Amino acid sequence: IVENWDLMEKYWYKSIYDYLKCDPEEHIFFLTEPTMNPPENRENMGEIFFETFNVPGLYFGDQAFLSLFGYQKWVKDSGIRMDKEQEEAIKSLTGVVVDSGDDITHIIPICDGTIVGSSIKHFPIAGKQITNFMEQMIKERGEKINSVDLYYATMELKEKYGYLSRDLMLSFSIFDRKEKIDGKLTQNTKFKKFEGTGKISSKPFSIDLGYEISLGPEAFFNPEIIDKNWKAPLDEMIDLAIQQCPSDYRRRLYANIVLSGGSSSFLNFDRKIQLCLEKRVDKRLEKYNYDKRRNTNNIKVIISKFSINEYAAWFGGSYFSSKDDFKSLVLTREQYLEKGPSFCRFNPLFRSNLNII
């Protein structure tokens, strides 16, 4: 939530004139916003862009919708084989966006291009919490690194080497394995070295890669590792969000789960979610003595092979704004002057007479 609009205006001013190097009076601007953004924020954004920068047109795009829209474009272009449910979901722009950034993870169901606000779930663990946890583990191990560099070094370590294991105990046993050397049991050289240069001090460092590279990301599925007050794993929250949507959409929602945000880029993150969801759905079907007939094969978690997770909303927005019908959705300066800032609360995307999908 923006708390200081004067600083926000200065930030936009520098972005437009110093980085984009463009005249705002000659360009339509496309701004993204988080899901469930307060309408007052949209009014303030419209007021700044129309009155300070004198833009001719403005459009507000929801980040979750744009992530889903961008991935559908990527799936179609990449020629991935799809089953019936997944193909129907993509055509109707139906899916679940799991957006995991720096501070919090959102689970956002979208049905026929419309966000189901009542089914949105929030998961309290994301990149920052995992980084802090891994940093504490490295501190307790007594690694020799300048304290001012440790946080940034942990972030780099997390992004390069963090992964999720199918079996966490098996992953631990690899680190704990002992080997015979000269007839004696000796701890193996379990830790690989991570070397780099401190971002603050500019001094070289070398630290071991230990349990934290798998235990940190594992907090998505065992959140009590980090947060003692939260017990529900990420797959349970995804399942709950889908179950609270209309029953006609559930099969399509399971068939089109999209990962977005930098914290969803861990190795095997998509496979772990799919595996846990399959087990969860199978267990529920068995409870009601239902012949499942491998219904869980319809659960599909989509992740890009080209690392667009972090920029999924930007990718979707760039494609969305390139379509021929986009200009008919833009809020114009004339409309703003006629109706005032409250007009910015209206999102033209949901007008049924426009076929932009």
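Predicted model: local features only at pLDDT ≥ 70, side-chain atom pairs only at ≥ 80, totals over all residues.

**Exercise 1.** With which residue does Asp235 form a salt bridge, and how far apart are the closest N and O atoms?

*Solution.* Residues are numbered from 1 along each chain as its sequence is written, and side-chain values use heavy atoms, with hydrogens and water left out.

Step 1: apply the rule, a side-chain nitrogen of Lys or Arg within 4 Å of a carboxyl oxygen of Asp or Glu. Asp235 pairs with Arg280, with the closest N and O atoms 2.9 Å apart.

Step 2: Asp235 sits in helix H9 (residues 234-243) and Arg280 in helix H11, so the bridge ties together parts 45 residues apart in sequence. Helices here are DSSP runs of H or I with at least four residues, strands are E runs of at least two, and both are numbered from the N terminus.

Step 3: check the cover (buried is under 20% relative accessible area, exposed over 50%, partly exposed in between, with a 1.4 Å probe and protein chains only). Asp235 is buried at 4%, while Arg280 is partly exposed at 27%.

Step 4: look for another partner. Arg280 also meets Glu236 in a salt bridge at 3.9 Å, N to O.

**Exercise 2.** Find the salt bridge partner of Lys193, and say whether each side is buried or exposed.

*Solution.* Step 1: Lys193 bridges to Asp208, with the closest N and O atoms 2.9 Å apart. Step 2: Lys193 is in strand S9 (residues 192-197) and Asp208 in strand S10 (residues 204-209), 15 residues apart. Step 3: Lys193 is exposed at 52%, whereas Asp208 counts as buried at 15%.

**Exercise 3.** How much space lies in the second largest pocket, and which element gives the most to its lining?

*Solution.* Step 1: the volume is about 520 Å³. A pocket is an open set of points on a 1 Å grid where a 1.4 Å probe fits, with protein on both sides within 12 Å along at least five of seven lines; lining residues have an atom within 4 Å of a point. Step 2: 22 residues line the second largest pocket, with Met8, Trp12, Leu31, Thr32 and Met45 closest to its centre. Step 3: helix H1 gives the most, with 7 residues.

Terms used:
Points joined across faces, edges and corners; volume = space filled by probe spheres on them.
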